[in-house]
Amino acid sequence: MHIDYHVHPDFSIDACPNSIDDYCRQAVSIGLAEICFTPHFEADPLRRRVDWYVRLGGLRHPMDDWSWLDAYFRQIEDARRRYGSRLTVLAGVEIGYDYGLEEIINRLIHTYPFDFVLGAVHCLEHVAISSSEEAGKFFSRHSPQAAAAAYFQRLMEAVRTGFFDAVAHVDIYKRHGRRYYGGLVDLMHREWAEELFREAARRRMAVEINTSPWRAGEEHCHPSLDLLASAREQGVAYCTLGSDAHKLDDLGFGIDRAKDLTGAWKISIATFKGRQVRVLDKPSPES
């Protein structure tokens with residue numbers, strides 16, 4: 001199946017103003033079988049005036065006014081009726097995890113009928129390391145070892161909550177960290193990855209193969225191949241595939257290449273519906 005499980009419609013303020021319907025039409029035109037929308041949800045109170053916003057009706061709307069989620073699910077249902085058998089349309093969310101946010105995340109995922117919940121760490125010390133404008137505020141103050149400890153401890157806690165179906169872009173710190181650490185950024189996972197993936201495997205979580213670095217001309221995806229190999233060795237049974245689309249042309253980018261990786265590493269591709277995993281293929285018995 002040709003699928004994309006990481007798509008940001010116009011609700012995400014860092015995405016282009018392309019609607020759910022726009023993406024569904026594009027998905028049909030490029031031959032996707034399933035599309036899962038994953039608007040951002042952030043809840044760090046110290047960033048309330050930075051990224052506690054979504055776009056609703058073309059205007060900036062407070063993220064903690066959950067009426068936007070009602071609108072989101074209405075648009076999902078409209079798309080399901082409109083595209084019917086041509087495309088499976090799924091309601092997901094990408095949640096940025098940080099310490100102390102467990103209560104609000106738990107309430108969110110038990111209030112709304114998400115099909116898929118993607119967990120991510122975007123911020124450290126209340127600084128968005130995923131942002132080119134902010135990342136230097138963190139990386140310039142920390143050694144690679146300290147940055148790795150901060151990031152992976154946070155991600156481990158996210159996994160331990162049990163809130164998430166998959167872990168997004170495991171080594172996202174490489175996106176801007178390389179500018180400060182050079183080649184050392186490729187070693188940052190070494191003390192942490194095995195324990196992280198063992199815990200993810202124990203909880204039957206998926207690891208996302210995120211193709212967004214390929215759009216920027218990078219050789220690696222998220223995670224890099226050594227991290228993907230570690231995930232498989234520690235028992236992670238399946239992955240999801242996502243382009244991390246923020247505009248229409250991103251949709252489906254690199255998904256076939258990502259599927260080839262799953263074959264090479266003998267890791268299954270999973271889809272979700274109503275938070276229930278469906279494994280599309282299984283590694284061969286000798287794997």
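Me: How are residues numbered, and which parts of the predicted model count?
Reply: Residues run from 1 along each chain as its sequence is written, and side-chain values use heavy atoms, with hydrogens and water left out. As the model is predicted, local features need pLDDT of at least 70 and side-chain atom pairs count only at pLDDT 80 or more, while totals for chains, interfaces and linings use all residues.

Me: Why is H6 called roughly parallel to H8?
Reply: The axes of helix H6 (residues 144-161) and helix H8 (residues 193-202) come within 10 Å and cross at roughly 10°. Axes are lines fitted to C-alpha atoms, for helices over the stretch in contact, and angles run from 0 to 180 degrees between N-to-C directions. Angles under 35 degrees count as roughly parallel, over 145 as roughly antiparallel, 65 to 115 as roughly perpendicular and the rest as oblique. H6 is therefore roughly parallel to H8. Helices here are DSSP runs (H or I, at least four residues), as are strands (E, at least two), numbered from the N terminus.

Me: Which residues make the contact of H6 with H8, and how do they divide?
Reply: Phe152, Leu155, Met156, Val159 and Arg160 in H6 meet Glu195, Leu196, Glu199 and Ala200 in H8, contact meaning heavy atoms within 4.5 Å. The residues divide into six nonpolar, no polar and three charged. In this scheme Ala, Val, Leu, Ile, Met, Phe, Trp, Tyr, Cys and Pro are nonpolar, Asp, Glu, Lys and Arg are charged, and the others, Gly among them, are polar.

Me: What makes serine 12 buried?
Reply: Its relative accessible area is 2%. Buried means under 20%, exposed over 50%, and partly exposed in between (1.4 Å probe, protein chains only), so serine 12 is buried. Serine 12 sits in the loop between strand E1 (3-7) and helix H1 (20-30) and touches Pro39, His40 and Arg55, not counting residues up to four places away in sequence.

Me: Is tryptophan 214 buried or exposed?
Reply: Tryptophan 214, in helix H9, has a relative accessible area of 8%, so it is buried. Beyond residues up to four places away in sequence, its contacts include Phe253, Arg257 and Leu261. The C-alpha atoms of tryptophan 214 and arginine 257 are separated by 9.9 Å, although the two residues are 43 apart along the chain.

Me: Why does histidine 126 count as partly exposed?
Reply: Histidine 126 has 35% relative accessibility, so it counts as partly exposed. This residue lies in the loop between strand E8 (123-124) and strand E9 (127-128).

Me: What is the accessibility of lysine 266?
Reply: Lysine 266 has a relative accessible area of 34%, so it is partly exposed. Lysine 266 is not a glycine, yet has a positive phi of about 55°. Its place is the loop between H11 and strand E13 (268-273).

Me: How do you know that the peptide bond from histidine 222 to proline 223 is cis?
Reply: Omega of that bond is near 0°. Proline 223 lies in the loop between H9 and H10.

Me: Which residues of helix H10 are buried?
Reply: In helix H10 (residues 225-233), the buried residues are Leu227, Leu228, Ala229, Ser230 and Ala231. Their cover includes H7, H8, strand E11 (206-210) and helix H11 (255-264). After H10 comes glycine 235, with a positive phi near 100°.
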